[in-house]
Each structure stands twice: as C-alpha cells, then as structure tokens.
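Here's a quick tour for anyone opening this structure for the first time. Take a look, then read on.

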Amino acid sequence: RASLLAMTLQLKGAVMSLTVTFTKDATVVTLPAPTPGADAAVERLQSAGLTAGGDKYVYDAGIERYENTERFQNLTGAQKAALASFFTTVAGQQQTFTYIDSGGNSFTARFLNSVITFEKHSPESWDVETALELDAVGA
C-alpha cells in the first residue's frame, strides 16, 4: 500500500500525486489525496446593510477568501494520529501552514475547523473532513 501511495499518475501532461502534504516548520504530515469532488468556494468579504432612509449600502473590504473542503477516507490509525497532532501543532485555526495538493500546488493555508472529527469504520480505517482557507483558488 505504501508504494501505491507514493506512485504518481501522468494525466494530460500534468503529474498528479496520490498524496497531499501539510507542513509547519519541521512537522510534515502526508495523507492520501482527498476524495474527488471537494467543495471550493470564493468569498468576498463585505458588510451590507440599510441606511436610515432605506437605501442599501455595501462596504467592500477588497479581500477574497478561498476555501476548500476536503474529505480524507480510509486513513490508518497512524495517519489519523499524525493529522490530529498537526492540528494541535498549528493551534487549530490560529496558525498558517503550507498545504501541497495532489496536483503539486503549494498554498499557504489554515484550518477553518475549530474541531476535527474522525469517523471510525474499523480498527484501522478513519474518515475526516477538513475545511481549509487557502491563499489562492484551490484545485
């Protein structure tokens, strides 16, 4: 199985990895690539309301936030423990880290979850869903 996770696929001239990586300083966690079909969103940070006269106003901060929701399936107990430890290392949502997706794209990221909940399917099979804020549009 380890050799399967390390192998790469050549798809339309782009190298796709079967893994993703979370890195903060010397701490590196490698997980199997998330299941296809992850949600991606772009949020424009704005505040809107109505004036006393009933006119709508919008304050645009000029900031866009990119969010990816990733679902990791069939993690081993060791992978689960590594991700849980990494979550503690970055203090949940507090600190940024480097996230390298299965396409080899590198992002500055942070968890949007204050809690990560693992679903147990067998003694060595865990699923988890994480929401990540990225510094650019995720793949």
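What do strand 5 and strand 6 form, and which residue in the turn has a positive phi? They form a hairpin with 5 residues between them, and glycine 54 in the turn has a positive phi of about 90 degrees. Keep in mind that this is a predicted model: local features need pLDDT of at least 70, side-chain atom pairs count only at pLDDT 80 or more, and totals for chains, interfaces and linings use all residues. Residues are numbered from 1 along each chain as its sequence is written, and side-chain values use heavy atoms, with hydrogens and water left out.

**Strand 6 and its partners**
- Strands here are DSSP runs of E with at least two residues, helices are runs of H or I with at least four, and both are numbered from the N terminus.
- Two strands pair if DSSP finds at least two bridges between them.
- Strand 5 (residues 39–50) runs antiparallel to strand 6, with 11 bridges joining them, and leucine 50 stands opposite lysine 56.
- Strand 10 (residues 125–134) is also antiparallel to strand 6, through 8 bridges; here phenylalanine 72 faces valine 128.

**Threonine 69**
- Threonine 69 sits in strand 6 (residues 56–75).
- It counts as buried because its relative accessibility is 17% (buried means under 20% relative accessible area, exposed over 50%, partly exposed in between, with a 1.4 Å probe and protein chains only).

**Helix 2**
- Gln79, Leu83, Phe86 and Phe87 are buried in helix 2.
- The exposed residues Ala78 and Thr88 are on the face turned away from that buried side.
- After helix 2 comes alanine 91, with a positive phi near 55 degrees.
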